[in-house]
Amino acid sequence: MVFKNIVNRIITSFILIFLFGLVLLFYDTYLKVLAYLIYFFIFLELIFYFRKNIYIFFISVIYLFISLICLDSYFRNYYIKEEFFYTITLVIIFDIASYIFGTKFGRLKILPTISPNKTYFGLISGFITAFILGSLSNSYYKFFETSLMIFFILFTLIFAFLGDIVESIFKRKSNIRNSSNFLPGHGGFFDRFDSLIMVVMWLFLF
């Protein structure tokens, strides 16, 4: 069961990377539509699955709205195609590596009452994997100078982890396991894009 979930998660992640890459490379004008559509699906999940706890529902909607404002401002003023795809890829690699290594080898839980599947080994493995692959990618494509690259990757992954934790808190307070069952191996759109919702805020600040 665990192995099947890992496979589903990897397949879904690579499909998402492929779709985002396809849109960025050949249909860049539709990127905003795709991004806003994802936020819309997340909002629907909040309405259908998080409304049992009205307090958490309103907080999560405000949280999503702030991220959407940051995304819109980023697209209007700071958007760079290569940087955006680089960021998305970093987050997905971090998520896949953390999940695989944490599931197979992780023992010591980080926040067992909030996110019981998060382990220190998974977190550290995810950081190392994303940093190595991000560095190799940057050395080839030259997105940033070395010192700025280290700073960017570090804070991107920190915000990604915080986004995951925030969504986990919302789910625990709402007594649900997944935000929905739309994406195999992940759950729902909120489960899949929880890290990116927070990373979008970091991109805006950056």
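Student: Is Phe-152 buried or exposed, and what is its relative accessible area?
Tutor: This is a predicted model, and the values discussed here are computed from it. A residue counts as buried when its relative accessible area is under 20%. Phe-152 is therefore buried, with a relative accessible area of 0%.

Student: What kind of aromatic pair do the rings of Phe-152 and Phe-206 form?
Tutor: The structure holds 30 aromatic pairs. In the pair of Phe-152 and Phe-206, the ring centres are 4.9 Å apart and the planes stand at 65°. Planes over 60 degrees apart count as edge-to-face, so the pair of Phe-152 and Phe-206 is edge-to-face.

Student: How many residues apart in sequence are the parts that this pair ties together?
Tutor: Phe-152 lies in helix α6 (residues 146-174), whereas Phe-206 belongs to the segment after α7 (189-205). The pair therefore ties together parts whose separation in sequence is 54 residues.

Student: How does Phe-206 count at its relative accessibility?
Tutor: Buried requires a value under 20% and exposed one over 50%. Phe-206 has a relative accessibility of 33%, so Phe-206 counts as partly exposed.

Student: Which residues of α2 are buried, and where do they lie around the axis?
Tutor: The buried residues of α2 are Leu-31, Ala-35, Ile-38, Tyr-39, Ile-42, Glu-45 and Leu-46. Because they cover an arc of only 110° around the axis, they lie on the same side of α2.

Student: Which residues are exposed on the other side of α2?
Tutor: Exposed means over 50% relative accessible area. On the other side of α2, the exposed residues are Val-33 and Phe-48.

Conventions
Residues are numbered from 1 along each chain as its sequence is written. This is a predicted model: local features need pLDDT of at least 70, side-chain atom pairs count only at pLDDT 80 or more; totals for chains, interfaces and linings use all residues. Side-chain values use heavy atoms; hydrogens and water are left out. Buried means under 20% relative accessible area, exposed over 50%, partly exposed in between (1.4 Å probe, protein chains only). Helices (H or I, at least four residues) and strands (E, at least two) are DSSP runs, numbered from the N terminus. The arc is that of the directions from the helix axis to the C-beta atoms. Rings of Phe, Tyr and Trp (its six-membered ring) pair if their centres lie within 6.5 Å; planes under 30 degrees apart count as stacked, over 60 as edge-to-face and the rest as tilted.
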